Amino acid sequence: EARVGWLMVEDSLHDLQQATVDMEDGCSLLNAKGRAACLCGSCSEGSDAPGPWLDEQTQRVEVAFVVYNSEYGLFSLVSVNFFFNRAGRIHKRVDVQSSWASDFARPFYELAIMVLCDMVWIVSLTYVFVCELSEIVKTVRSSKQRWYKSIWEEYIGLWNVVDWISIACAYLMVVMFVMVLFATNDVTIEFESIAKNGGMTGREQHISQTRSFFAQVEYMCSCERTYRFTFTIYPMVVMARLFKSFDAQPRLAVVTRTMVLAASDLAHFFIVFLSVYCCMAVNSILLFGQHVEDFATWDRAFISCFLLTFGSWNWEEMKKVGILSAALWLWV
């Protein structure tokens, strides 16, 4: 279960220091501190067993704050993470997630060109969508079978599936853009409210408002990440649609038809390859995980081993476990 504490800039340095001390020792020795109440927040929130924030069960500690860049109109969620692995090593990571306060805050000519291109793209996308729907309707009407059988047997094919995937990804991008737009608007309104109050409200109300603001910023950054991720998927889908065009020309179709004919052999090859690859990834965690951050967890080790196959590795870090052990693992 995650614990959350708020260190407010309006508090004095002494209060902030006392709060961090309570977080460190689990609100013990309050009499020696000359206080009757704990400042870390866990006790006041009704924790049954208050204790130190750092213990043997701790996996990660995150320190986060929000920055607004007024020059560029940019909200940034800055988080400093400390990861504790099972061997006792502490890995650190600083992550900055940003989002524009407004996507339309730009010169008029740039905005006009952007909106025009977006409208042309949406109209073209809708045209493809309507054409695919009309093709389904024609297939169902011309077939003597039930509608679902006619679609499955006469319409569903590789390239039609590719078309629908591209349509779905494109409309997902549109939906995510709208979600980011609304999430950014909520963050802006909440930020203006906090700036307007200027800490004039009570402490509890201010913390509640700050908690709400952080939740909205995290949601905005989450939408922004998903929105950007859809942009990485869509070019791949467009690339697949290019193969559809290539398949219509015999010379260009050589690549696609070769892949189809070799699909069975490639599948069996990757079964053998992934079996060996996963074993080596697990072995790398056991050998390097305590000393090298890139092999500390399964997902990191999996990616690091993939980079190793392309000749990219950090020998200075890997040899910390021993030159001979690291060299033998690389040779294997």
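**Cavity, pocket and core analysis**

By the grid rule applied here, the count comes to one cavity of 30 Å³ or more. The model is predicted, so local features need pLDDT of at least 70 and side-chain atom pairs count only at pLDDT 80 or more, while totals for chains, interfaces and linings use all residues. Residues are numbered from 1 along each chain as its sequence is written, and side-chain values use heavy atoms, with hydrogens and water left out.

A cavity is a set of points, on a 1 Å grid over the protein atoms alone, where a 1.4 Å probe fits but cannot get out. A pocket is an open set with protein on both sides within 12 Å along at least five of seven lines. Lining residues have an atom within 4 Å of a point. Grid points are joined across faces, edges and corners, and a volume is the space filled by probe spheres set on the points.

The largest cavity has a volume of about 30 Å³. Its lining consists of Ser99, Trp100, Asp103, Val180, Glu224, Tyr227 and Arg228. Two or more of these residues come from each of β3 (90–100) and α6. The most, three residues, come from α6. Helices (H or I, at least four residues) and strands (E, at least two) are DSSP runs, numbered from the N terminus. By class, the cavity lining holds three nonpolar, one polar and three charged residues. Here Ala, Val, Leu, Ile, Met, Phe, Trp, Tyr, Cys and Pro count as nonpolar, Asp, Glu, Lys and Arg as charged, and the others, Gly among them, as polar.

Gly73 touches two of these lining residues, Ser99 and Trp100. Its contacts (heavy atoms within 4.5 Å) also include Tyr68 and Ala101, not counting residues up to four places away in sequence. Gly73 sits in the loop between β1 and β2 (74–84). Its relative accessible area is 15%, so Gly73 is buried. Buried means under 20% relative accessible area, exposed over 50%, and partly exposed in between (1.4 Å probe, protein chains only).

The largest pocket has a volume of about 1700 Å³. It is lined by 41 residues, of which Val4, Gly5, Trp53, Glu62 and Val63 are the closest to its centre. Elements giving two or more lining residues are α1 (13–25), β1 (60–69), α5 (158–197) and α6 (203–247). The largest share, nine residues, comes from β1. The pocket lining divides into 23 nonpolar, nine polar and nine charged residues.

The largest nonpolar core has 12 residues: Tyr277, Ala281, Ile285, Phe288, Val292, Phe295, Ala301, Cys305, Leu308, Met318, Ala326 and Trp329. Such a core is a set of buried Ala, Val, Leu, Ile, Met, Phe, Trp, Tyr and Cys residues joined through side-chain atoms within 4.5 Å. Two or more core residues come from each of α8 (263–288), α9 (298–308) and α11 (323–331). The largest share, four residues, belongs to α8. Ile285 touches Phe295, Ala296, Thr297, Trp298 and Ala301, not counting residues up to four places away in sequence. Apart from this core lies another, of 10 residues, among them Ala183, Phe213, Val217 and Met220.

The structure holds zero disulfides (pairs of cysteine sulfur atoms within 2.5 Å). The sulfur of Cys169 is too far for a bond, because the closest cysteine sulfur, in Cys223, is 17 Å away. Cys169 counts as buried, at 14% relative accessibility. Cys305 is in no disulfide either, and the nearest cysteine sulfur, that of Cys278, is 9.5 Å away. Cys305 is also buried, at 6% relative accessibility.
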